[in-house]
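Here is a friendly walk through one protein chain, from its overall build down to a few individual residues. Have a look at the sequence and the model first.

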Amino acid sequence: MGKTLYEKIWDAHTVGMLPDGRTQLFIATHYLHEVTSPQAFGMLRDLGLSVLHPERTFATVDHIIPTDDQSEPFADPRAAAMLQALRRNCAAHGIRMFDLPSGMQGIVHMVGPELGITQPGMTIVCGDSHTATHGAMGSVAMGIGTTQVRDVLATQTLAQTPLKVRSVRVEGRLKPGVTAKDAALFIIRRLGVKGGLGYAYEFGGSAVEAMSMDERMTLCNLAIEGAARCGYINPDETTFRYLQGRLFAPTGAAWNEAVVRWKSFASDADAHYDDQVAFQADEIEPTVTWGITPAQSVPIDGVVPDPADAPDEETRKGMLEALAYMKFTPGVPIKGMPVQVCFIGSCTNGRISDFRKVARLIRGRRVAAGVKALAVPGSQMTARQCEDEGIAEIFLEAGFEWRRAGCSMCLAMNPDRLVGDQLCASSSNRNFKGRQGSPSGRTLLMSPEAVAATALTGRVADPREVFHMN
């Protein structure tokens, strides 16, 4: 019987078995950022340990970085302290850091792929849940906790128990105006916010195979929001075209050898899966969340659901909690709800293709009066591309605030935050209570195209109608 990509990578990186039955897994690439690493380095110091393979660890700063004024020292002393700690620790251990002056700083899950550090067949970890993003390249990529960050720094290995593998296929062609973000939210709604517990998701099917690398990264990024520990897509020609010529990608004869090796990691046709599900692409519509988990979503022309229709008591209680927090009434249409803030960015949808698509749609149009709209490229490299191509100017002329690279309004660890109970249309990945900074702030997750349509109208809008997609 054949093997899945997950099994092949696991086998290739197994160092040995531990007495408790777990696998000691070699970690090919380790990413660091400023939030989860200071404590890990502190534990190393307390134990008198050094970093075993600094050449396999790469660092950047993203969560706490202000996106309007990045002059130092930062106004927030805690943010300034985190940045300085990362700089000291990387210098002390010989770790390469993509700092603000480097021109390569940005969200860790964007910097790695853009530089070609993330490659097929790797085990990849980072102290951040959305590390699943890197699985789009055909790798096994997982978020880890601070203690595990310490373990990887010290040993370049991780104690793990293998996951089950679920094949998640989307067949057919996505309809005009429907994006990878919509597909991801649709899958989470159908499989549940806890549906992926204990699983790795292998995304496939003709709709997934037709996606660009940026779109694949969006899909894998959100695997964790359905509780899957990681999500991945088998490497193919789209993967290789994306990687070729990037700074850390192999060159010359080494490139050809790498492609042969990368292809060998793809799941075999007769691989066994612990579970298989399939969806039809034409089932998927532009999607928007209405609640406080990414699974609480409806098609954009749908209505706020009624807890009375919940399939079980746990779901009903979750719906009641969400409705109370969001201040929504069952039966009210999502489309047409007035918003105060619109955000395009994050490691989910802050890539060059996201900004290119939206720029084409908003050219010559204006953000609605009273709406605060932010456009935040996820990396300095993406920001430069946007500026070189005139994209930044289009956003500015449309009334967006064009910001510098960082996590921005995806989470409340920098100055970009909601105020009071503002309702925000966001291209990010989480709509948890208080996620965007205000303890009463409310988040509607949607695609960048839908955020753009909402920004122009001031109300939740269907991009197919606003931009005449057909």
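Among contacts between residues at least 6 apart in sequence, 75% join residues at least 24 apart. Please keep in mind that this is a predicted model.

**The chain as a whole**

The chain has 17 helices and 19 strands. Its radius of gyration is 21 Å, close to the 23 Å that the globule rule gives for 470 residues, so the chain is as compact as a globular protein of that length. Some further values for the whole chain are collected here.

| Property of the chain | Value |
|---|---|
| Box filled by the C-alpha atoms, along the principal axes | roughly 55 × 55 × 45 Å |
| Share of the 470 residues that is buried | 61% |

Which residues touch the most other members of the largest nonpolar core? They are I362, F395 and F400, in a core of 50 residues. Several elements each supply at least two residues of this core, including helix 11 (313-326), helix 13 (352-362), helix 15 (391-398) and strand 18 (423-426). Helix 16 gives the largest share, 6 residues. Another core, of 42 residues, lies apart from this one, and among its members are L32, V35, F74 and C90.

Leaving aside neighbours within four places in sequence, F395 is in contact with I344, F355, V358, A359, I362, A375, F400 and W402.

**An open parallel sheet**

Two of those contacts of F395, A375 and W402, turn up again as bridge partners, with W402 sitting in strand 17. Strand 16 and strand 17 run parallel and are joined by 2 bridges. They belong to an open sheet of 5 strands with parallel pairing, in the order 17-16-15-18-19. Strand 17 (401-402) and strand 19 (442-445) stand at the edges with a single partner strand each, so one side of each has no neighbour in the sheet.

**Helix 3**

Does the length of helix 3 agree or disagree with what its residue count predicts? At 1.5 Å a residue, the 17 residues of helix 3 (residues 77-93) should span 24 Å, and the end C-alpha atoms are 24 Å apart, which agrees. Its buried residues are A79, A80, L83, A85, L86, R87, N89, C90 and H93. What covers these buried residues includes helix 2 (38-47), strand 4 (57-60) and strand 5 (96-98). One of them, C90, is also a member of the 42-residue core.

Methods. Residues numbered from 1 in each chain as written. Predicted model: local features only at pLDDT ≥ 70, side-chain atom pairs only at ≥ 80, totals over all residues. Heavy atoms only, no water. Core = buried A, V, L, I, M, F, W, Y, C linked by side-chain atoms within 4.5 Å. Buried < 20%, exposed > 50% of the residue type's maximum accessible area, 1.4 Å probe, protein only. Helix = DSSP H or I, 4+ residues; strand = E, 2+ residues; numbered from the N terminus. Contact = heavy atoms within 4.5 Å. Pairing = 2+ DSSP bridges. Rg over C-alpha atoms; globule rule 2.2 N^0.38 Å. Expected span 1.5 Å × (residues − 1).
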